[in-house]
Each structure stands twice: as structure tokens, then as C-alpha cells.
Amino acid sequence: MRRWGTFARHAVLLSAGLLFTLPLYIALIGAFKPTDQIVGSPLRPSPLSLDAIRKALDQPTFDIAAAYRTSILITVTAVALLLIVSSMIAYWIGRAPGRWPRRLELFLLLGLMVPPQVILLPVLHVLDWLGLLFTYPGLIVYDVGVYIPLAAFILSRFVAAIPPELEEAAGVDGAGPLRVFFRISLPLLRPALITLAVLLTIFIWNDFVNPLILLGSGRGETVTTGIYRSIGTYSTDYSSVFANILLVSAPMIVLYLLMQRRVIGAFAAGAVKG
Amino acid sequence: MRLTLRKAPGAVLLLTAPALLAYVGFVFIPVLLTIFYSLTDWDGFSPSYDFTWLENYRTALDDEVFRHALWVTLEIAASATVLLTIAGIGLAVLLNRRDRITRAYQAIFFLPIILSPIVSGFLFQTVFTYDGIGNSLLGSVGIAPVDFLGDAHWALATIVVVTVWQTAGFTMVLYLAALQTIPRELNEAAALDGAGPFRTFRHVTLPLLAPALTVNTVLLLIFFMRIYEYVVVVTGGGPAGQTQTLAYRVVQEGVNDNRFAYGCTLAVVLLVLIAILALAIGRLLSLRERRVA
């Protein structure tokens, strides 16, 4: 009975695993095969060549190197800003006495319900009014506002877990609250900050609708809006599509391979937001 | 620290102001503006506009395209949530261990979520297009080609399939977290009493998963009410606009068709639906939870 159960478990897992890996496998080998070979024999990993990748790196409609630069600039700046401002507000939420911190947290949590499409139309006007419409700084500050609720929520749990005695000791020694925060609390939050940075990096790198609308067309493209605008012209050239897919996703796949447990943990932490 | 924070009101301002400004400026006020503009006839660029109050909402009631998009959104959200809940609980129960093979499986099922929805959308679009890989594979086992993206029902199913493929591993992680809070002794006691794995699952595991089920169902439903990227990339809303969702219509009306105020109106409907779902389903499932317990 038990042996049969083990067998059934592995049979289910193996077939589900193969089914889930199949699209990735097709994309991966597809990026190294000519298109006629992809449709003719999608599963055979031959003949392989770098032609499609080379072509994708040098296509007239999608400058991947430039898109990488844009995406890196936006992701790195937005994540850095978010880590700083969200840890500050999370610190206050997690530490300050009275009802206001809890009220502020609820006010922020409301923002988690709001899909980007609900606010994007007026945000165009807010950014226009600030003179930041169709600019990188505009998209970056918007990203900061949108991810504050999630970031502050995750971090405030970690703040609450730091024993307050450490900070009180420093306070007694005459250090002001900001000094205590930067010198004592922030270093203690490091593991949480790394987790959060991983999560935000994935979200912002993969983001599509916000850069699509807020950067507009022709004002620089991120990897996602770039692949979207270019693939329309290529859609029957499957090896090009797969090469583009691979190039656009490579940084996140590398991140996942390097920090698999942390990435999974980050999503789990982010999910508690319900 | 409580002490030092209270002593320095300036510090409070410094700690909270940057985050609060960004949030209020780019989330809270825009929500209010969306509601405000939905009561006007503004096209988004004219110097002036008039208040038409509920006129846009009346238009929406008679708008076949909007009503269809609303239905499609609910259909996708509901079917994806049901399938993901089954897949997520199934995988979590099978993978609630700590050995290496189990961890490798977890990593494989989780992987798709780190891809951009745009990327997985293009991947599946390429596979399911008429003379693409999917039909080539079906052909090799003797099945006639299916027009996945040319038929409204198949196109919707394809969108749901991408959704499930990309999110199953994440749902699995949600339920793994819940399973790990269930003491192992309970399962062992049930086994000692002679209960097989299925009875143990039905009478021990499932009732204890009820609270997680509540939270995760709401989470998934809210998440898929905003479904957008897969539609844009996999079907482009087609065939003949049959797979357009609410979020897709918002962008279409507000940005591409220059019906700014009407786009805002549909956005308000989307927001209200999400709020209602969050409240109603949370209430409903927590009642059932109490009954099971």
C-alpha cells in the first residue's frame, strides 16, 4: 500500500513536472533552432545554432542593449529608493506607540487592492503636472508610490520582531531617533531588505503596463515594452520570438538560479499581504 | 525607542513623509481623480469639461462591449482561481517534505512566476497559434489542428492555461506555508486510526487548511480581476474582441480611444468589483470556516 502510494506520488509529480517544463524547454531550444525546425520537430534539440540569438541582438525594431540599460536604470533606482523610504515608514509603523501607526498601515494597505489600470489615466496628468510625463524619473517615482504598501507591510513585520531594548540602549546614550534608525535598526533589517529587494526587482523588471503607458512610445523602451513592440513584426518568426524571450528573461532566470530559496521566500512574504 | 520617537516629532515627519507623499500622490489621489473624472465628459486633453454625473455609468450599463468584458473577466478570474486552488493544494500536499528531490520539484513548479507575464504570454501565443508548435505536436499524435486563438472559447481557455501555468507554483508555496502550520502528529494519529491518505486529507488536512483557503482564494480572485498582460499578448483581445477584459477595456478606452472619462468610469467599476469581492468572499468563507471548525 505504502509502496503503491510512493509510486503514485512520483508518477503524478513527474508528469506534472514534465508538463510544466515543456513550454520552457520549447522556448529554450527554440531560441537556438531555425523556425522551420521548430514547427517541424519542436522537441528535438537539433540542429542548434546561435543565429537567432545573434539576429535578436542586432534587430532594427528592438535595441535590446538599450532596453537593458533602461530596465536596469529604472529597476535599480526604484528598488533603491523603495528600500530607503519604505524601511523608514515601516520603522515608524512597527515602533511608534498609539493608534496612528496602525491607521497609517491600513491606509497604505488599501493601495494593495488598486490595479495599475485604475490609476494610470489620472497618473498621466499628475506626472504631466509635475513635468515628469514620459520620463524615467516619472516612472520611477510612480513605482515608488505603487510599491510602498507592499514594501512597508513586509518590513514593518520585521521591525516589530527586532527587540526594542537595543534601540532604547542607544537612545539612552543620547543618540537621536534618526541616528538610532540608521545605525542600529537598519543593519538589523538587512535580511528583510534583501528579500524585499529580490521581490521588487522581479516585479519592476517584469512590469509592462506602467512603462507602456507612462514612458509612452518612442521615449525609450524597457525590455518588456520593447519585446512587445518588436514581436508584432516577427510573430511568425518563432526562433526570433524565442531568442527575444530568452534574452529578456535571462537576468531574472539567473537571479532565480542563484537565489532560488530566497526568491521563493520573497514571494511567500509578499503573499501575506492579503 | 518608543521614548525617543515621542521626543522628536521632526523625526516622525522625516521617516514617514517621503513614502507617504509618493503613495498619496501616485495612488491615493489618482484613485480620487479616477472617480472624479468618471463623473465628467472630459476627453483627457480639452481645456474644459462638463459634469455629466452618472451619465458615463448609464452608458456603461448599455455598453455591450463593456458587459462582455466584465463577463470575460469574471470567467477568467473564477476558472483560474478554481484550477489554481486545486493545483496548488495538490502540489503542496505532494511536496510537503524537505528532501532534495522534493525541493527540486518545488523549484521547477515555481520557476514560471519569475517571468514577465508578457514573456509567458508570447511563449504561449507562439505555441498555440494556428500553424504553431501546439498543433504540430497534436498532429504528431494524430489529433486534428485546433484553432486555439481563432475561437473565442479556446482563446479564453488558452489565457486560463497560461495563467495557471505561471501561477501554480506560487499557489503551491501559499499552501505549503499553510500545511507547515499543521502539526505532523495529527496526520500520524489519523494514520494510526487506520485512515488512508485520502480520508486523512479530507478529514484532517482540508478542514485545517480552511483559513488559508479563505485568504488565498480572495488573493487570487483579486489578482486575476486585473488580468491584462496575457490578453494583450496572447489574444490581443480577439478574436473579434471576444476575450477583452475589464482592465484591457480601461486602457483601450482611456488611452487608445481617447475616451478618458469613460475609461475612468470602467476603472471605477473594476475597483468597486475588487472591493466587493474582497469583502464578500472573505465574509462567506470565514463563516464556513467557523462551521467546519
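Predicted model: local features only at pLDDT ≥ 70, side-chain atom pairs only at ≥ 80, totals over all residues.
**View 1. Chain B as a whole.**
Chain B has 13 helices and zero strands. Read along the sequence, its pattern is α-α-α-α-α-α-α-α-α-α-α-α-α. The C-alpha trace of chain B spans about 75 × 75 × 35 Å along its principal axes. Of its 293 residues, 52% count as buried.

**View 2. The contact of chain B with chain A.**
How many residues does each chain bring to the contact? Chain B gives 85 residues and chain A gives 89 residues. The size of an interface is often given as the accessible area lost when the parts come together. Here chain B and chain A bury about 7900 Å² between them. Carbon and sulfur atoms account for 80% of that area. Between the two chains, the count of salt bridges is zero. Polar contacts do occur, in 15 residue pairs with both residues at pLDDT 80 or more. On the side of chain B that touches chain A, helix H2 (residues 9-37) of chain B supplies the largest share, 19 residues. By class, that side of chain B has 64 nonpolar, 14 polar and seven charged residues.

**View 3. The largest nonpolar core.**
This core has 178 residues. Which residues have the most contacts inside it? They are A:Phe242, B:Phe109, B:Phe110 and B:Tyr228. Helix H8 (residues 152-179) of chain B gives the largest share of this core, 15 residues.

**View 4. Around B:Phe109.**
B:Phe109 touches residues of chain A and chain B. From chain A come A:Leu13, A:Ala16, A:Gly17 and A:Phe20. From chain B come B:Leu91, B:Leu95, B:Gly169 and B:Met172. This list leaves out residues up to four places away in sequence.

**View 5. B:Thr205 in helix H10.**
B:Thr205 lies in helix H10 (residues 197-225) of chain B. Is B:Thr205 buried or exposed? Its relative accessibility is 9%, so B:Thr205 counts as buried. Leaving aside neighbours within four places in sequence, B:Thr205 is in contact with B:Leu179, B:Ile182, B:Asn187 and B:Thr200.

**View 6. Helix H7 and the residue B:Gly142.**
Helix H7 of chain B covers residues 133-140. Its buried residues include B:Ile133, B:Gly134, B:Asn135 and B:Ser136. B:Gly142 follows H7(B). The phi of B:Gly142 is positive, near 85°.

**View 7. B:Val269 in helix H13.**
B:Val269 lies in helix H13 (residues 260-292) of chain B. B:Val269 is buried because its relative accessible area is 19%, under the 20% limit. Not counting residues up to four places away in sequence, B:Val269 touches B:Tyr57 and B:Phe66. B:Leu70 is 199 residues away from B:Val269 along the chain, yet their C-alpha atoms are separated by 9.4 Å.

**View 8. A salt bridge across chain A.**
Side chains of opposite charge can pair when their charged atoms come close. The structure holds ten salt bridges over all chains. One of them joins A:Lys55 and A:Asp237, with the closest N and O atoms 2.8 Å apart. A:Lys55 sits in helix H3 (residues 51-57) of chain A, and A:Asp237 in the loop between helix H12 (223-231) and helix H13 (238-258) of chain A, so the pair ties together parts that are 182 residues apart in sequence. A:Lys55 is partly exposed, at 42% relative accessibility. A:Asp237 is buried, at 17%.

**View 9. Other charged groups in chain A.**
A:Arg229 forms a salt bridge with A:Glu221, and their closest N and O atoms are 3.2 Å apart. A:Arg229 has a relative accessible area of 28%, so this residue is partly exposed.

The side chains of B:Glu64 and B:Arg67 meet in a salt bridge, at 3.0 Å from N to O. Both residues belong to helix H4 (residues 64-94) of chain B. They are three residues apart, so about one helical turn separates them. B:Glu64 counts as exposed, at 52% relative accessibility. B:Arg67 counts as partly exposed, at 40%.

Methods:
Residues numbered from 1 in each chain as written. Chains lettered and ligands numbered in written order. Heavy atoms only, no water. Contact = heavy atoms within 4.5 Å. Buried area = accessible area lost by both parts, 1.4 Å probe. Salt bridge = Lys/Arg side-chain N within 4 Å of Asp/Glu carboxyl O. Polar contact = N/O pair within 3.5 Å; in protein donor to acceptor, adjacent residues only side chain to side chain. Helix = DSSP H or I, 4+ residues; strand = E, 2+ residues; numbered from the N terminus. Nonpolar A, V, L, I, M, F, W, Y, C, P; charged D, E, K, R; others polar. Buried < 20%, exposed > 50% of the residue type's maximum accessible area, 1.4 Å probe, protein only. Core = buried A, V, L, I, M, F, W, Y, C linked by side-chain atoms within 4.5 Å.
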